[in-house]
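Biologist: Can you put the model up? I'd like to go through the ligand site with you.

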Amino acid sequence: MEKIAILCSGGDVSGMNAALKRFVEYSFAKKMVPYFIHNGYEGMIDDHIYPAGYKDVAGIISRGGTKIRSSRSKRFMEEGYRKQAIDNLKAHGIGYVVILGGDGSFKGMQKLSQESDGIRFCGIGATIDNDIAGTDYCLGVDTALNVIKYAIDSIRDTASSFSRAFVIETMGRECGYLTLVSALTSGAEMCLIPEIPYDLERYKTNFQKQIQDGREYFIAVVCEALKNSQEIAKWFENEVGIESRVTVLGHIQRGGNPSVYDRLMAFDFVTYAIDELLKGTECSVVCYSNGGFHTKMIEEVAFQTYKMKPDLLKLGEEYGR
Ligand code: F6P
């Protein structure tokens with residue numbers, strides 16, 4: 001029987017465990033032997049590669065993180081270690097590999113594909129940053145957005161009991177998607193992301209007018225990429241004239257009970273990945289765009305820049321007017 005493996009690489013997301021469950025079940029349905037590679041690319045190098053069965057995925061669908069763990073592997077950048085990883089895959093007789101991760105993981109996947117001679121690879125975008133070109137959706141984003149929504153709603157409760165501005169810093173690396181969608185869906189008064197230039201003077205005029213009209217608190221959602229949460233909090237105190245607090249949401253955004261949407265997306269992503277591998281495609285990525293799943297060649301994804309949809313950016317541009 002043919003052998004197929006899966007690994008998780010880079011930042012974990014809620015929904016990875018649902019993907020692992022589907023991977024085992026669908027591999028068996030396709031008469032293949034499923035393998036788990038523990039600890040991402042580090043585990044591929046160190047031969048932490050084990051056959052997987054139903055018992056390994058029982059009860060994991062409701063848990064965030066990844067049962068097979070993840071890593072950000074520096075060693076994988078070196079060809080010698082990649083060769084070791086490929087030799088391990090070959091020694092196990094593994095002909096297909098599914099990789100859950102972000103852009104960096106896909107670049108690694110492409111190198112593996114070029115150097116492995118015959119092993120097929122398929123990537124699934126799994127990052128709360130939602131910053132992968134070619135796909136509108138990456139696994140884990142919905143759960144992260146719901147965690148942030150809950151956090152901001154809670155902060156609003158306390159903000160509305162005082163006269164204060166709350167500056168809430170969200171993750172996203174260099175991408176403002178998580179921040180913008182969170183700001184919009186939490187009704188924040190301010191949203192700062194790298195993709196949209198902002199004018200603090202305009203915000204100031206607007207906020208001071210609102211204070212004169214009786215407004216008592218503000219919520220500002222700021223992307224970590226800008227590295228200015230403390231500065232914005234000081235600006236609220238010194239320029240707008242309102243006491244402020246900073247909340248850095250941090251890694252809470254990556255965890256939590258996976259949403260129904262992420263569980264379903266995990267199932268579909270894995271199904272498409274395995275089907276694509278069985279077609280014989282050498283190195284591709286499963287993408288979700290315009291309401292459907294498609295596979296794209298690695299070159300169309302890994303070396304392109306993700307761009308947010310114009311409609312979403314337009315909504316973001318309304319901030320601070
Ligand atoms: O890529 C996911 C992400 O959570 C980013 O949003 C964040 O900048 C980064 O990972 C944090 O990385 P680490 O968990 O290694 O500190």
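Biologist: How far is the polar side-chain atom of His-251 from an oxygen atom of the ligand?
Modeller: The distance is 2.8 Å for His-251, where a polar contact is a pair of N or O atoms within 3.5 Å. This is a predicted model: local features need pLDDT of at least 70, side-chain atom pairs count only at pLDDT 80 or more, and totals for chains, interfaces and linings use all residues. Residues are numbered from 1 along each chain as its sequence is written, and side-chain values use heavy atoms, with hydrogens and water left out.

Biologist: Which residues surround the ligand?
Modeller: Among them are Arg-72, Thr-127, Met-171, Glu-224 and Arg-254, counting residues with a heavy atom within 4 Å.

Biologist: Where does the ligand lie relative to the domains?
Modeller: Domain 1 (3–140 + 258–305) and domain 2 (142–254) both give residues to the shell, so the ligand lies between them. The bounds come from an automatic or database domain assignment.

Biologist: How far apart are the C-alpha centres of the domains?
Modeller: The centres of domain 1 and domain 2 are 34 Å apart. Their contact takes 15 residues from domain 1 and 11 residues from domain 2, with contact meaning heavy atoms within 4.5 Å.

Notes. Polar contact = N/O pair within 3.5 Å; in protein donor to acceptor, adjacent residues only side chain to side chain.
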